[in-house]
Amino acid sequence: MLDNYLPILIFILVGILVGVGPLALGYLLGPRRPDAEKDSPYECGFEAFETARLKFDVRFYLVAILFIVFDLEIAFLFPWAIVLDELGIFAFWAMVVFLGILVVGFIYEWKKGALEWE
Amino acid sequence: MGFEKFLFYVFALITLWAAGMVITRRNPVHAVLFLVLAFVSSAALWVLIEAEFLGIVLVLVYVGAVMVLFLFVVMMLDVDLAALRAGFIRALPLGLLVAGVMAVEIFLIVGPANFGLEAFPPPDAAPADATNTRDLGILLYSIYIYPVEIAAVILLVAIVAAIRLTLRRRPDNKSVDPARQVRVKKGPDRIRLVKMAPEVEEPFGASPTTESGETS
C-alpha cells in the first residue's frame with residue numbers, strides 16, 4: 001500500500017526543491033551588502049511607530065472554532081460514506097443522530113447571531 | 001523495508017527537531033509555524049504505518065484548522081515576551097518535575113517492555129488496494145458507534161461554549177442590516193424632497209464696497 005504513496009513523496013520533494021531552490025540561489029548568488037538603513041523596517045516612508053502584533057478581535061476566534069467543529073464533522077462523514085452500503089440502515093440512522101446533535105448546535109449559533117458579522 | 005525505515009527516521013527526526021524548535025523559539029508565531037511542521041511530519045509517520053486516513057485528517061483538521069486557531073490565539077494574546085521570560089528560572093523546578101513525571105509515565109506505558117516488536121509483531125503489509133478509510137468506517141459505525149455519538153455531543157458542547165464565551169455585541173457598531181434596507185417603502189421611509197422658495201441671505205460684513213475688490 002505504501003507504494004501508492006511514492007509519487008506523493010516525490011511530489012513533496014520536488015515541491016520543497018522548487019520552493020527552497022530559488023531562495024537558496026538568490027541567497028548564494030545575489031550581492032548582499034546590508035547596512036542599517038536597508039535592514040530597518042520600511043513603512044511607506046515614515047517611521048514605523050508600533051509593533052505588528054496587534055490585538056485581534058475575539059470574533060475571529062469564534063469563526064475559527066466554529067469552523068473546526070464542522071470540519072471535524074465532515075471528517076466523520078468520509079468513512080461513513082464509504083461503508084454505508086455494507087452497514088446499511090443502522091449506520092444511516094447512526095449518522096442521522098450524529099448530524100442531529102450537531103444541527104442543534106448549528107441552530108443555536110444561528111439563533112444567537114454568531115454567524116452574522118455585522 | 002530498508003527504504004521505509006529510512007523514511008521513518010527522516011520524518012521522525014524532522015518531527016523531533018520541529019517540536020524542539022516549538023519550545024525554544026522566542027517568537028510565538030515562529031513556534032506555531034514549527035508546530036505545523038511537526039504535525040505535517042507526524043502525518044507522514046502515520047501514513048508510514050498505513051494509517052492513511054488518519055494522516056490526511058491530521059493535515060486537514062490540525063494543520064488546516066487548529067493551527068489557524070492557534071495563530072489567532074497567539075496574536076490575540078498580545079504576548080509580552082519579557083514578562084514571559086521573567087519567571088522562567090522560578091518556574092523551572094516545577095516544570096522539570098512535571099516533565100519528569102510525564103516522561104516516566106510515558107515510559108511505563110509505551111516502554112520497550114510492553115510495546116516492542118516482541119509483544120506486537122508487525123502485521124503483514126497491506127495490499128495495494130486496501131482502503132484504510134473503509135476499515136475505519138466499519139469499526140466506527142458498528143462497534144464504536146456510542147463513542148462517535150459522544151464525539152458529537154462534545155462538539156456540541158464546544159459550539160455552545162465558544163459562543164457563550166466569545167460572542168459580543170458591539171454597541172458602537174454603525175452597520176446597516178441589508179434586509180431592512182431592501183424593505184424600505186416609498187412613502188414614509190425615504191427622504192422627502194420639499195419645494196420651497198429660495199432664501200437669500202444677507203452678505204456678511206457691513207460695507208461690501210471697500211473690501212470686495214481686493215480679494216484676488
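Colleague: What covers the buried residues of H4(A)?
Modeller: This is a predicted model, in which local features need pLDDT of at least 70, side-chain atom pairs count only at pLDDT 80 or more, and totals for chains, interfaces and linings use all residues. Residues are numbered from 1 along each chain as its sequence is written, while chains are lettered from A and ligands numbered from 1 in the order in which they are written. Two residues are in contact if their C-beta atoms, placed from the backbone, lie within 7 Å. The cover over the buried residues of H4(A) includes helix H3 (58-87) of chain A together with helix H8 (145-166) of chain B.

Colleague: And which residues of H4(A) are buried?
Modeller: A residue is buried if 20 or more other C-beta atoms lie within 10 Å of its own, exposed if 12 or fewer, and partly exposed in between, with C-beta atoms placed from the backbone. An α-helix has 3.6 residues a turn, so residues three or four places apart point the same way. In H4(A), the buried ones are A:Ala91, A:Met95, A:Phe98, A:Leu102 and A:Gly105.

Colleague: How far does H4(A) reach from its first C-alpha to its last?
Modeller: Helices (H or I, at least four residues) and strands (E, at least two) are DSSP runs, numbered from the N terminus. H4 of chain A runs over residues 89-112, which is 24 residues. Its expected span (1.5 Å times one less than the number of residues) is 34 Å, and the reach is close to that, at 34 Å.

Colleague: How many helices does chain A have?
Modeller: Of the 118 residues of chain A, 13% count as buried. From the N terminus on, its elements run α-α-α-α. There are zero strands, and the helix count is four.

Colleague: Going over to chain B, which face of H8(B) is lined by its buried residues, and what do they pack against?
Modeller: The buried residues of H8(B) are B:Ala152, B:Leu155, B:Ile159 and B:Ala162. Seen down the helix axis, they fall within an arc of 90 degrees (the arc of the directions from the axis to the C-beta atoms), so they line one face. On the other side, the exposed residues include B:Tyr146, B:Ile150 and B:Arg164. The buried face packs against H3 and H4 of chain A.

Colleague: Why does the span of H8(B) agree with what a helix should have?
Modeller: H8(B) has 22 residues, which at 1.5 Å a residue should span 32 Å. The distance between its end C-alpha atoms agrees because they are 32 Å apart.

Colleague: Which element gives the largest share of the side of chain B that touches chain A?
Modeller: In all, 49 residues of chain B are in contact with 44 residues of chain A. The elements giving two or more residues to chain B's side are helix H2 (28-48), helix H3 (52-77), helix H7 (132-140) and H8. The largest share, 13 residues, comes from H8(B).

Colleague: How many residues of that side are nonpolar?
Modeller: Ala, Val, Leu, Ile, Met, Phe, Trp, Tyr, Cys and Pro count as nonpolar, Asp, Glu, Lys and Arg as charged, and the others, Gly among them, as polar. On the side of chain B that touches chain A, seven residues are polar and seven charged, and the nonpolar number is 35.

Colleague: Where is A:Met1, and which residues does A:Met1 touch?
Modeller: A:Met1 sits in the segment before helix H1 (6-29) of chain A. With 15 other C-beta atoms within 10 Å, A:Met1 is partly exposed. Not counting residues up to four places away in sequence, A:Met1 touches B:Glu50, B:Ala125, B:Ala126, B:Pro127, B:Ala128 and B:Ala130.

Colleague: What is phi of B:Glu50?
Modeller: B:Glu50 is in the loop between H2 and H3 of chain B, and counts as partly exposed because it has 18 C-beta neighbours inside 10 Å. Most residues other than glycine have a negative phi. For B:Glu50 the value is positive, near 65 degrees.

Colleague: Is B:Ile143 buried or exposed?
Modeller: B:Ile143 lies in the loop between H7 and H8 of chain B. It has 9 other C-beta atoms within 10 Å, so B:Ile143 is exposed.
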